[in-house]
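Thanks, everyone. I have one structure today, and I will keep it short. Please have a look at it first.

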Amino acid sequence: EKAEGEAAEEETRLKAQRAELEATRERQEEQREAMAKELAALQEGEAKLQEEMKAMKKKKGELERAATSATAEKEQLEGDTQQLEQKHLEAEREVKELRRRMEEERLGLGGGLAHL
């Protein structure tokens, strides 16, 4: 009886130990699954960030090209403005010269008519 009792206790102890090991294995499996899901979510987040970064780099390039183009256009407009200002000054000089000549001719004609 004593041996049977000890055997029964040993069997109970082994069953409890087996149940505990099984519970530990199940917890570890759940943790592995949770970690795998977390890893997948992190990888997905990283992929999205890489896509956003790629899009931002593309946009930066577009903005830099637009800025370069705008700068070139501004420089062209400044050059055109200087040319127009120069032409305006030349036209003003020509108008003054024509007025002076017309006045001289008027005075010359006026003097000539006075003799008639």
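Start with a pair of side chains. Lys-15 and Glu-11 form a salt bridge, at 3.4 Å from N to O. This is a predicted model, by the way. Both residues belong to helix H1. They sit four residues apart, about one turn of the helix. How accessible are the two partners? Lys-15 has a relative accessible area of 48%, so it is partly exposed. Glu-11 comes to 44%, so it is partly exposed as well.

Some background. Side chains of opposite charge can pair when their charged atoms come close.

Now move along the helix. Glu-78 and Lys-74 also meet in a salt bridge. Here the N to O distance is 3.5 Å. Which spacing separates these two? Glu-78 has 41% relative accessibility. That value falls between the 20% and 50% cut-offs, so Glu-78 counts as partly exposed.

Next pair. Glu-104 bridges to Arg-100, and their closest N and O atoms are 2.3 Å apart. Please keep that number in mind for the discussion. Again we are in helix H1, with four residues and about one turn between Glu-104 and Arg-100. Glu-104 is partly exposed, at 46% relative accessible area. Arg-100 is partly exposed too, at 39%. Which residues join Glu-104 and Arg-100 in a network? Glu-97 and Arg-101 do. The four are linked by salt bridges that share partners.

How many salt bridges are there by this rule? The count comes to 11.

What about charge over the whole chain? There are 23 positive side chains and 31 negative ones. The centres of the two sets lie 6 Å apart.

Now the overall form. The protein chain has one helix and zero strands. Why call the chain spread out? Its radius of gyration is 49 Å, while the globule rule gives 13 Å for 116 residues, so the chain is more spread out than a compact globule. The box tells its own story. Along the principal axes, the C-alpha atoms fill roughly 170 × 15 × 10 Å.

Take Ala-16, which is found in helix H1, residues 2-115. From Ala-16 to Leu-107 is 91 residues in sequence. In space, C-alpha to C-alpha, those two are 133 Å apart. Then take Ala-41, also found in helix H1. Thr-68 is 27 residues from Ala-41 along the chain. Their C-alpha atoms are separated by 40 Å.

Are those alanines buried or exposed, or in between? In between. Ala-16 has 44% relative accessibility, so it counts as partly exposed. Ala-41 is at 47%, so it counts as partly exposed too.

What share of the chain is buried? Buried residues make up 1% of the 116. For that label, relative accessible area has to be under 20%. The accessible surface of the chain comes to about 11200 Å². Carbon and sulfur atoms account for 56% of that surface.

To recap. One helix, zero strands. Salt bridges number 11 by this rule. One network joins Glu-97, Arg-100, Arg-101 and Glu-104. Over to you for questions.

Note on methods
Residues numbered from 1 in each chain as written. Predicted model: local features only at pLDDT ≥ 70, side-chain atom pairs only at ≥ 80, totals over all residues. Heavy atoms only, no water. Helix = DSSP H or I, 4+ residues; strand = E, 2+ residues; numbered from the N terminus. Rg over C-alpha atoms; globule rule 2.2 N^0.38 Å. Buried < 20%, exposed > 50% of the residue type's maximum accessible area, 1.4 Å probe, protein only. Areas by Shrake-Rupley, 256 points an atom, 1.4 Å probe, with all protein chains shown as cover. Lys, Arg positive; Asp, Glu negative; His and termini not counted. Charge placed at Lys NZ, Arg CZ, Asp CG, Glu CD. Salt bridge = Lys/Arg side-chain N within 4 Å of Asp/Glu carboxyl O.
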